[in-house]
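This report describes the strand arrangement and selected side-chain contacts of one protein model. The structure is shown first, followed by the account.

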Amino acid sequence: MANERVRVRGTSIFRPIIYGNTATVLTSQEKLLAPSQEHTHRWTVAVRSAASPPNSDQVGGADDLSYFIKRVTFKLHDTYPNPSRNVDKAPFELTETGWGEFEIQIRITFVPESGEKAITFYHHLKLHPWTATGEPEIPPLEQAIKAGPVHSWQYDEVVFNDPYQNFLNILLQHPPTPLPKTKRKPVPFHLANPGSLEASKGGVPEFNAQMEKEESERLEEARKAVIAEQDRWREKLIEKERELERLQRELDVMGS
């Protein structure tokens, strides 16, 4: 049992997830039942597995993530009652109504076996149809209802480096459902890939293996850019420290 709390050095394992929201326009009758007559949409924000269930109108969520996620906390706009909402079991999602778009903080707490710190994502709640520029475009009510739900989802990979043996065992017992190799449905649109706007139209979107590969490449490029920026600032710091040492030596000479 003691060996189970030993980290497996040199091992890296990840789990693909998506986070985001789906929003639909409230009908006239639904608006009457909403907490406020100003509310125009019903939306669901969620953290899900990347693969979608077969024959489903849901984006992602084929797998139960509770084997490695203990809690997801959604921090809503302060105008909502109890804006910090904890979801302690799958599905890790929250449904509300409202009228405006805002940023939602999503904090993922892992199961105790992981020994990992919580991680935080930020998602801009999307209510209105996508445009290539990302600028909000609010269509007339009837047009919005006819267009159907608005989807805004981001793919990411939760990476566990040097995991504890018992946690690694848990992860290996729950392999993620693989994404479809080819495009079967519309693809989720994201501003990072504006060319996918047309491909995102026509129904419920679905992530696929090609998108996973492209997103992984984007994540790797972003990681390299961060490292390069860190190196650049490190070199500047070293240069400034050398300059400080030089000035200090000159002061010492002048004072002797």
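## The β4-β3-β6-β7 sheet

Four strands, in the order β4-β3-β6-β7, make up an open sheet of 4 strands with antiparallel pairing. Its edge strands are β4 (84-87) and β7 (119-124), each of which pairs on one side only. From one strand to the next, the twist averages 20 degrees; axes are lines fitted to C-alpha atoms, for helices over the stretch in contact, and angles run from 0 to 180 degrees between N-to-C directions. Strands are DSSP runs of E with at least two residues and helices are runs of H or I with at least four, numbered from the N terminus. Two strands count as paired if DSSP finds at least two bridges between them.

Within this sheet, β3 and strand β6 (residues 103-110) run antiparallel and are joined by 6 bridges. V72 stands opposite I108 in β6.

## Basis of the model

The model is predicted: local features need pLDDT of at least 70, side-chain atom pairs count only at pLDDT 80 or more, and totals for chains, interfaces and linings use all residues. Residues are numbered from 1 along each chain as its sequence is written, and side-chain values use heavy atoms, with hydrogens and water left out.

## The β5-β2-β1-β8 sheet

Another open sheet is formed by 4 strands in the order β5-β2-β1-β8, and the pairing is antiparallel. Because β5 (92-98) and β8 (150-161) stand at the edges with a single partner strand each, one side of each is left without a neighbour in the sheet. The twist here averages 15 degrees from one strand to the next.

The antiparallel strands β2 and β5 are joined by 7 bridges, and W43 stands opposite E96 in β5. Helix α3 (residues 165-173) packs on the sheet, where α3 touches β1 (12-25) and β8, and its direction makes about 55 degrees with that of β1. Contact means heavy atoms within 4.5 Å.

R48 lies in strand β2 (residues 41-49). With a relative accessible area of 10%, R48 is buried (buried means under 20% relative accessible area, exposed over 50%, partly exposed in between; 1.4 Å probe, protein chains only).

The side chain of R48 reaches the backbone oxygen of V59 at 2.7 Å, and a polar contact of 3.1 Å joins R48 to the side chain of E93. A polar contact is a pair of N or O atoms within 3.5 Å; within protein, one must be able to donate a hydrogen and the other to accept it, and residues adjacent in sequence count only if both atoms are side-chain atoms. Leaving aside residues up to four places away in sequence, R48 touches several others, including I17, I18, L65 and W153.

## Aromatic pairs

The whole structure contains 10 aromatic pairs. Rings of Phe, Tyr and Trp (its six-membered ring) pair if their centres lie within 6.5 Å; planes under 30 degrees apart count as stacked, over 60 as edge-to-face and the rest as tilted. F68 and F160 are edge-to-face, at 6.0 Å centre to centre with 80 degrees between the planes. This pair links distant parts of the chain, 92 residues apart: F68 is in the loop between β2 and β3 (69-75), and F160 is in strand β8. F68 is buried at 1% relative accessibility, and F160 is buried with a relative accessible area of 1%.

Y155 and F207 form a tilted pair, 6.2 Å centre to centre and 40 degrees between the planes. Since Y155 lies in strand β8 and F207 in the loop between α3 and α4 (209-255), the pair ties together parts that are 52 residues apart in sequence. Both Y155 and F207 are buried.
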